[in-house]
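These are my notebook entries on a single structure. I set down what I looked up, entry by entry.

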Amino acid sequence: MVTEVNVNQNDHLEAMAHAVLEHCEQRGWTLATAESLTAGMLCARLCDIPGASQVVRGGVIAYATDVKQDVLSVDKRRLADMGPVDQLVSEQMAEGACRVMRTDVGVSTTGVAGPEPQAGHAVGEVHIAVVTPQGSAHRKLELSGNRQSIRHQTVDAALAMLLRVLTDSTP
């Protein structure tokens with residue numbers, strides 16, 4: 001029975017990733033990720049789809065705070081004042097992914113997967129941002145579960161958010 005649930009969840013994630021890529025391809029848009037707590041899992045999920053190379057240019061794993069600043073150009077003062085688990089930081093990460101990878105769409109994940117809270121942020125606090133040529137969106141999540149579960153839930157939520165943003169911006 002557990003195997004069926006995992007297979008169904010995997011099919012659902014694959015379908016969302018495929019739809020994200022199709023929406024981007026229909027617009028001629030390319031996509032990049034900027035990932036902290038998911039450490040490349042989101043980009044890997046997208047690249048599991050055959051033909052992803054037509055849309056996905058790559059990703060930045062910005063696990064360390066200084067990488068967020070130095071590679072993705074996240075504001076140094078914001079990082080010092082708020083830390084990496086923050087709405088504006090997630091938005092700047094997504095924008096940085098677009099700049100670094102020269103893409104139209106950027107998506108970022110940052111948060112606390114655990115096992116311990118981080119700088120006043122609870123385990124499960126996650127921020128996801130998506131930027132497109134037509135604007136940006138942000139979502140704050142409060143997830144539960146162990147470290148692995150939180151990371152997987154974040155990938156699922158990021159794919160769903162990407163799909164929603166791309167669907168809402170249908171020409």
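This is a predicted model: local features need pLDDT of at least 70, side-chain atom pairs count only at pLDDT 80 or more; totals for chains, interfaces and linings use all residues.

**Entry 1: Cysteines**

I began with Cys-24, which I located in helix α1. Cys-24 has a relative accessible area of 0%, so I recorded it as buried. I also looked up how Cys-24 stands to Ala-113, 89 residues away along the chain, and found their C-alpha atoms separated by 29 Å.

How many disulfides does the structure have? I took a pair of cysteine sulfur atoms within 2.5 Å as the criterion. The count came to zero. I then checked individual cysteines for the reason. For Cys-47, the closest cysteine sulfur belongs to Cys-43 and lies 4.2 Å away, which is too far for a bond. For Cys-98, the closest cysteine sulfur is that of Cys-24, at 10 Å, so this pair is also too far for a bond.

Cys-98, at 13%, counts as buried.

I next examined the largest nonpolar core, which has 36 residues. Within this core, the residues with the most contacts are Leu-31, Leu-46, Val-105, Ile-128 and Leu-159. I listed the elements that give two or more residues to the core: the helices α1 (2-27), α2 (41-47) and α6, with the strands β3 (105-111), β4 (125-132) and β5 (135-142). Which element gives the largest share? I found that it is α6, with ten residues.

I therefore checked the length of α6, residues 147-168: its 22 residues should span 32 Å at 1.5 Å a residue, and the end C-alpha atoms lie 31 Å apart, in agreement. At the N-terminal end of α6 I found a cap, Asn-146, with a side-chain oxygen 3.2 Å from the backbone nitrogen of Gln-148.

Leu-162 is a residue of helix α6. I recorded Leu-162 as buried, because its relative accessibility is 0%. Leu-162 and Val-130 are 32 residues apart in sequence, yet I found 6.6 Å between their C-alpha atoms.

**Entry 2: Helix α5**

I turned to α5, residues 87-101. This helix has 15 residues and reaches 21 Å from first C-alpha to last, close to the 21 Å expected at 1.5 Å a residue. Which residue caps its N-terminal end? I identified Asp-86, with a side-chain oxygen 3.1 Å from the backbone nitrogen of Leu-88.

I listed the buried residues of α5 as Val-89, Ser-90, Glu-91, Gln-92, Met-93, Ala-94, Gly-96, Ala-97, Cys-98 and Met-101. Just after the helix, I noted that Arg-102 takes a positive phi of about 55 degrees.

**Entry 3: Backbone geometry in loops**

Ala-39, which is not a glycine, has a phi near 45 degrees. I placed Ala-39 in the loop between β1 (31-35) and α2. With a relative accessible area of 30%, Ala-39 is partly exposed.

Ser-73 is likewise not a glycine, and its phi is positive, about 65 degrees. I found Ser-73 in the loop between α3 and α4 (76-82). Its relative accessible area is 46%, so I noted Ser-73 as partly exposed.

Which residues are joined by a cis peptide bond? I recorded Gly-114 and Pro-115, with omega about 20 degrees. Pro-115 sits in the loop between β3 and β4.

**Entry 4: Aromatic residues**

I searched for aromatic pairs and found zero in the structure. I did find a charge over a ring: Arg-27 lies over the face of Trp-29, 5.4 Å from the ring centre.

Is Tyr-63 buried, partly exposed or exposed? I recorded Tyr-63 as partly exposed, with a relative accessible area of 46%. Pro-84 is 21 residues from Tyr-63 along the chain, and I found their C-alpha atoms separated by 9.6 Å.

Key:
Residues are numbered from 1 along each chain as its sequence is written. Side-chain values use heavy atoms; hydrogens and water are left out. Buried means under 20% relative accessible area, exposed over 50%, partly exposed in between (1.4 Å probe, protein chains only). Rings of Phe, Tyr and Trp (its six-membered ring) pair if their centres lie within 6.5 Å; planes under 30 degrees apart count as stacked, over 60 as edge-to-face and the rest as tilted. A charge sits over a ring if NZ of Lys or CZ of Arg is within 6 Å of the ring centre and within 35 degrees of the ring normal. Helices (H or I, at least four residues) and strands (E, at least two) are DSSP runs, numbered from the N terminus. The expected span of a helix is 1.5 Å times one less than its number of residues. A polar contact is a pair of N or O atoms within 3.5 Å; within protein, one must be able to donate a hydrogen and the other to accept it, and residues adjacent in sequence count only if both atoms are side-chain atoms. A nonpolar core is a set of buried Ala, Val, Leu, Ile, Met, Phe, Trp, Tyr and Cys residues joined through side-chain atoms within 4.5 Å.
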